[in-house]
Amino acid sequence: MMPRAADFKRATRAAAMAMITAMLAGCTETHFPLDTLSPKSDLTRAILDLFKEITILDSIVLLVVIGAMIGAIFIYSSREGDPGEPSATHSDVTLEMLWTVIPAIILIAITVPTVHTIIRTQPDQWPADTLRVRVIAHQWWWEFRYPTLGVVTADEVHIPAGQPIHFEMVSEDVIHSFFMPSIGGKRDVVPGQENQITTTADTPGKYYGQCTEFCGASHANMRFRVFVDTPEAFKQWTAHQLEGPLKPAGGSAAAGAKIWADAPCAICHTIKGVSGFSKDYTFGFRGPDLTHFGSRTTLAGSIMDNTPANVALWITNPDAVKPGANMPTLGLRGQQLSDLVAYLESLK
Ligand code: CUA
């Protein structure tokens with residue numbers, strides 16, 4: 001029996017509803033962690049407002065142009081009995097003036113607020129309570145230094161809500177791009193040049209970031225997290241970061257500390273009070289500062305969760321996790337490996 005028209009309509013409607021539900025369900029941070037449409041700072045709100053204004057303006061232009069085009073097709077199409085081809089040389093000065101002047105006005109209406117917003121993202125001066133955060137891009141991880149606080153961390157940057165943050169960006173090697181869509185938009189990070197973003201985050205939470213300039217084999221593995229803390233939580237975080245690392249009381253972590261001391265890890269990584277960072281940037285600098293490694297939620301360019309299993313995987317074969325990684329394979333296995341992992345995870 002053929003389905004009746006009403007059944008078909010009902011089935012179509014149900015299918016459409018299911019599709020829309022599935023699409024909306026897909027709009028989560030897991031699927032779109034780099035959503036540019038959910039601003040959480042003054043800067044990204046200004047960028048989104050600009051985007052909306054221009055989209056509305058463009059839509060009006062599109063409707064007018066399409067409407068005029070369809071109108072012209074119906075009004076000016078040749079009809080049966082019309083005399084031959086119309087003149088191709090006739091011109092209408094008023095019309096030509098109009099279609100020159102109107103687009104010029106539209107372009108000015110787009111340019112002025114756009115340039116205003118661009119300038120706003122990199123002001124020459126900033127409020128006295130602005131916090132400086134130095135962003136140093138490396139193949140393939142992000143280093144964050146707080147010059148006024150003395151804190152150094154990697155791949156996860158903490159900032160307080162409600163306080164202007166001045167990100168000063170430099171690169172250690174090639175051109176990268178610092179992209180944190182909810183907090184600060186995007187800016188290229190170029191060797192030999194300092195770029196900046198100044199922004200005030202307003203909503204505490206965890207946000208995602210990613211390098212967006214192709215920078216080598218693991219470009220896609222160069223991610224980071226932005227934690228916007230309440231001012232109190234940020235104060236606590238800072239105080240904790242300034243403390244030395246916890247000394248393992250005993251057991252596997254203490255054994256791991258000995259392995260750390262014997263292994264070549266300290267050539268690239270600093271653990272404050274344990275293995276140093278030389279001021280001439282030759283020692284303890286190539287890799288992330290691990291003083292509070294255990295307190296971070298991710299590792300290896302923020303591509304995986306900070307769990308003992310993942311740390312072991314990373315140490316065992318860095319290149320398999322992050323192709324092209326500068327971290328060498330140390331050949332640690334079995335108990336030695338789990339001791340070293342226990343030590344690193346103890347560095348809360
Ligand atoms: Cu760094 Cu792409």
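Mentor: Start with terms. Two strands pair if DSSP finds at least two bridges between them. Helices (H or I, at least four residues) and strands (E, at least two) are DSSP runs, numbered from the N terminus. This is a predicted model: local features need pLDDT of at least 70, side-chain atom pairs count only at pLDDT 80 or more, and totals for chains, interfaces and linings use all residues. Residues are numbered from 1 along each chain as its sequence is written.

Trainee: In which sense do S1 and S2 pair, parallel or antiparallel?

Mentor: S1 covers residues 131-138, and S2 covers residues 141-146. A hairpin of two residues joins them. Arg-134 has Arg-145 in S2 as its bridge partner. Five bridges link S1 and S2, and the sense is antiparallel.

Trainee: Which residue of S5 is the bridge partner of Ala-137?

Mentor: S1 also pairs with S5 (residues 165-171), in the parallel sense, over seven bridges. The partner of Ala-137 in S5 is Ser-171.

Trainee: How many residues of S4 are buried?

Mentor: A residue is buried if 20 or more other C-beta atoms, placed from the backbone, lie within 10 Å of its own. S4 (residues 156-160) is largely enclosed by the rest of the structure, because the buried residues number four of the five.

Trainee: Which residues of H2 are buried?

Mentor: H2 (residues 42-76) has 35 residues. The number buried is three, so H2 lies largely in the open. Those buried are Leu-43, Thr-44 and Ile-47.

How values were computed: A residue is buried if 20 or more other C-beta atoms lie within 10 Å of its own, exposed if 12 or fewer, and partly exposed in between; C-beta atoms are placed from the backbone. The expected span of a helix is 1.5 Å times one less than its number of residues.
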